[in-house]
Amino acid sequence: MGKPLFYEILEKPATSCIIGICSMIWFYIQKKNIGYSHVGLSYETALEGHHWRIITSAFSHISVIHLVFNMSALWSLGVVEQLGHLGLGVEYYLQYTLVLVVLSGVLVLAMYHLLIERFKLEYFRRVTAVGYSCVVFGWMTILSVKQPSSKLDLFGFLSLPISFAPFESLIFTSIIVPQASFLGHLSGIVVGYAIAWGLIHGMSNYWALSLLGWIALVFILSLKRSGAVDLNFLEIESVTDPSLPSVRFLASNSGRTLQMSALPNGNVEIV
């Protein structure tokens with residue numbers, strides 16, 4: 001007999017919190033009848049300044065099957081929190097979850113850009129990615145390198161060797177669920193290997209909090225500028241002080257002239 005669920009939750013606090021957050025967001029999406037196009041990430045919406053979708057797309061799920069599959073895999077991968085003796089643990093899990101969320105989303109957009117601009121595949125301009133799969137595949141990959149003897153348990157009865165789980169799951173989901181984001185899953189694997197092999201390293205609580213602060217700032221500013229949510233209480237105004245010097249370029253026969261008006265008494269020209 002396994003441990004009671006309560007004790008497993010205590011042993012995987014970060015994983016339990018993330019599962020709770022994703023579940024509550026799913027419930028809210030269902031209650032408000034929100035479509036994936038309102039929270040998902042696509043190349044087109046990114047160009048429109050909807051950078052906040054990198055975050056909302058990661059934590060949103062539209063179908064209950066999608067949610068259950070991702071959260072079941074995430075619960076099994078929560079063993080990372082218990083591997084402090086291998087240099088992992090709760091802090092490592094939280095720090096690099098932030099990295100996986102951001103970098104996998106950015107990498108997906110980079111792949112879309114390459115396919116659209118280089119190979120002229122306009123189809124990918126409007127492809128919308130949604131779900132926590134990028135992060136799940138990232139942790140599968142990290143665990144397959146750090147603890148290859150582990151197993152990935154899905155739905156409580158399906159067990160896969162973790163060393164093959166990333167690519168097995170990539171192929172499995174692509175066949176069983178044709179609309180699954182192959183590039184989204186692949187981006188999680190790529191970022192996962194970059195972390196596991198030490199290409200991305202040096203995260204600490206300080207850098208994690210700094211990254212979280214920047215994420216929050218970009219999230220709020222892009223949310224406001226895109227007009228997706230009414231944030232009129234946040235006003236960003238440019239402040240100009242007439243007592244400070246202004247700089248401008250003037251066109252002349254000899255070329256461009258830099259003119260700086262310093263004080264009301266006179267101008268300074270640098271030719």
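Among contacts in the protein between residues at least 6 apart in sequence, 67% join residues at least 24 apart, where contact means heavy atoms within 4.5 Å. The structure is a predicted model, in which local features need pLDDT of at least 70 and side-chain atom pairs count only at pLDDT 80 or more, while totals for chains, interfaces and linings use all residues. Residues are numbered from 1 along each chain as its sequence is written, and side-chain values use heavy atoms, with hydrogens and water left out.

The protein contains 11 helices and five strands; helices (H or I, at least four residues) and strands (E, at least two) are DSSP runs numbered from the N terminus. Of its 271 residues, 40% are buried. Buried denotes under 20% relative accessible area, exposed over 50%, and partly exposed the range in between, computed with a 1.4 Å probe on protein chains only.

The largest nonpolar core has 59 residues, of which Tyr112, Tyr132, Trp139 and Leu152 touch the most other members. Helix 7 supplies the largest share of this core, with 14 residues. A nonpolar core is a set of buried Ala, Val, Leu, Ile, Met, Phe, Trp, Tyr and Cys residues joined through side-chain atoms within 4.5 Å. With residues up to four places away in sequence not counted, Trp139 touches Leu77, Val80, Tyr92, Tyr93, Tyr96, Thr97 and Leu100.

Two helix pairs were examined. The axes of helix 2 and helix 6 come within 10 Å and cross at roughly 175 degrees. Axes are lines fitted to C-alpha atoms, for helices over the stretch in contact, and angles run from 0 to 180 degrees between N-to-C directions. Helix 2 and helix 6 are therefore roughly antiparallel to each other; angles under 35 degrees count as roughly parallel, over 145 as roughly antiparallel, 65 to 115 as roughly perpendicular and the rest as oblique. On the helix 2 side, the contact involves Thr15, Ser16, Ile18, Ile19, Cys22, Ser23 and Trp26, which meet Val64, Leu67, Met71, Leu74 and Trp75 in helix 6. By class, the residues of this contact divide into nine nonpolar, three polar and no charged. Here Ala, Val, Leu, Ile, Met, Phe, Trp, Tyr, Cys and Pro count as nonpolar, Asp, Glu, Lys and Arg as charged, and the others, Gly among them, as polar.

Helix 9 (residues 165-176) and helix 10 (residues 182-196) pack with their axes 10 Å apart, at an angle of about 175 degrees, which makes helix 9 roughly antiparallel to helix 10. Pro166, Phe167, Leu170, Thr173 and Ser174 in helix 9 meet Phe182, His185, Leu186, Ile189 and Tyr193 in helix 10.

Ser76 and Lys146 are both helical, the former in helix 6 (residues 64-77) and the latter in helix 8. Ser76 counts as buried, at 11% relative accessibility, and, leaving aside neighbours within four places in sequence, is in contact with Lys151, Leu152 and Asp153. Lys146 is partly exposed, with a relative accessible area of 34%. Apart from neighbours within four places in sequence, Lys146 is in contact with Leu86, Leu88, Tyr92 and Ala196. Lys146 and Leu88 are separated by 58 residues in sequence and by 8.9 Å in space, C-alpha to C-alpha.

The loop between helix 7 (89-117) and helix 8 (133-146) holds Arg125, and Lys120 and Tyr123 are also found there. Arg125 is buried, with a relative accessible area of 19%. The side chains of Arg125 and Glu122 are joined by a polar contact of 2.7 Å. Such a contact is a pair of N or O atoms within 3.5 Å; within protein, one must be able to donate a hydrogen and the other to accept it, and residues adjacent in sequence count only if both atoms are side-chain atoms. Not counting residues up to four places away in sequence, Arg125 touches Ser42, Tyr43, Glu44, Leu47, Ile116 and Glu117. Tyr123, by contrast, is exposed, with a relative accessible area of 63%. Tyr123 and Tyr112 are 11 residues apart in sequence and lie 9.4 Å apart in space, C-alpha to C-alpha.

Lys120 is exposed, with a relative accessible area of 59%, and has a positive phi of about 60 degrees although it is not a glycine. Phi of Asn33 is likewise positive, near 55 degrees, in a residue other than glycine. Asn33 lies in the loop between helix 2 (13-32) and helix 3 (36-39) and is exposed, at a relative accessible area of 70%.
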